[in-house]
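Hi there,

Here is the structure I promised to pass on to you. Have a look at it first, and then read my notes below.

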Amino acid sequence: MSQTRAPAAPSWQEGVFAALKKYGIQQVAYVPDAGHSHVIREARVDPAIHDVVLTTEEEGVAVVSGAWLGGQRSVLLMQSSGVGNCVNMFSLLQMCRFPFLTLVTMRGEYAEFNPWQGPMGRTTQQALELMGITVLRADTPEEVEETVEAALDSVFEAGERVAVLLGQKLIGRKKWERD
């Protein structure tokens, strides 16, 4: 029986997973997303990490909060379109002052083919900031690992709430499949 191997991940995606391991992340909550595919694959096979598949992103805010209450470090992976789904749940973070980290792959930016991604993509940072979440951004592969590590320090050393926006150029152009 042959086993199909996943394509090699870009180095920035490997850097994200390395940072999460270095900082002792024990739970990864996510709605499946191509931009986070390497981290998701690695989390699923790593016995030290519990991967939690979500039906909607706002569930992830509760999962990450519950992990913290249970003594574990967790991260929420989502696409920028999912940020809008979380706004009401972000009040939990603000009122309870839970440490929180989300890594957000951006849509609605560079070479976006889907017009439905535009509105949330243009307002992701503002929505997060309005809910009291500090926003860091990485747009080049060289920035990613350092930015994620800086966010992990802020979250788990200072108890902050931080989102790292991973620019759409990192993921690359998405194209409609044409017949």
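Of the chain's 179 residues, 48% count as buried. Please keep in mind that this is a predicted model. The secondary structure comes to eight helices and six strands, and along the sequence they follow the pattern α-β-α-β-α-β-α-α-β-α-β-α-β-α. Among the contacts in the chain with a separation of 6 or more, 75% are between residues 24 or more positions apart.

Let me start with the inside. As a general rule, nonpolar side chains in soluble globular proteins tend to be buried together. Here the largest nonpolar core has 28 residues, and Leu101 and Leu152 touch the most other members. At least two residues of this core come from each of H1 (11-22), E1 (25-30), helix H2 (37-45), strand E3 (73-79), strand E4 (100-105), helix H7 (141-158) and strand E6 (161-166). H7 gives the largest share, six residues.

If you click on Leu101, you can see its surroundings. Leaving out residues up to four places away in sequence, Leu101 touches Ser74, Val75, Leu76, Ala151, Leu152, Val155, Val162 and Val164. There is also a second, separate core of 24 residues, which includes Ala29, Leu93, Phe100 and Ala163.

Next, the helix pair H1 and H7. Two packed helices are described by the angle between their axes and the distance between the axes. The axes of H1 and H7 come within 8 Å and cross at roughly 20°. Angles under 35 degrees count as roughly parallel, and therefore H1 is roughly parallel to H7. The crossing of H1 past H7 is right-handed. On the H1 side, the residues that meet H7 are Trp12, Gly15, Val16, Ala18, Ala19, Leu20 and Lys22. Their partners in H7 are Pro141, Val144, Glu145, Val148, Glu149 and Leu152. By class, this contact has nine nonpolar, one polar and three charged residues.

- Ser80 lies in helix H4, which spans residues 80-86. Its relative accessible area is 0%, so Ser80 is buried. Apart from neighbours within four places in sequence, Ser80 is in contact with Val104, Thr105, Met106, Arg107, Met120, Gly121 and Thr124.
- Arg97 sits in the loop between helix H5 (90-96) and E4. With a relative accessible area of 54%, Arg97 is exposed. Most residues other than glycine have a negative phi. The phi of Arg97, however, is near 60°, a positive value in a residue other than glycine.
- Gly24 belongs to the loop between helix H1 and strand E1. Gly24 is partly exposed, because its relative accessible area is 31%. Gly24 and Ser74 are 50 residues apart in sequence, and their C-alpha atoms are 8.7 Å apart in space. Ser74 is also one of the residues that Leu101 touches.

Enjoy looking around, and write back with any questions.

Best wishes

How values were computed. Residues numbered from 1 in each chain as written. Predicted model: local features only at pLDDT ≥ 70, side-chain atom pairs only at ≥ 80, totals over all residues. Heavy atoms only, no water. Helix = DSSP H or I, 4+ residues; strand = E, 2+ residues; numbered from the N terminus. Buried < 20%, exposed > 50% of the residue type's maximum accessible area, 1.4 Å probe, protein only. Core = buried A, V, L, I, M, F, W, Y, C linked by side-chain atoms within 4.5 Å. Contact = heavy atoms within 4.5 Å. Axes fitted to C-alpha atoms, helices over the stretch in contact; angles between N-to-C directions. Parallel < 35°, antiparallel > 145°, perpendicular 65-115°, else oblique. Left-handed = near helix turned anticlockwise from the far one by under 90°. Nonpolar A, V, L, I, M, F, W, Y, C, P; charged D, E, K, R; others polar.
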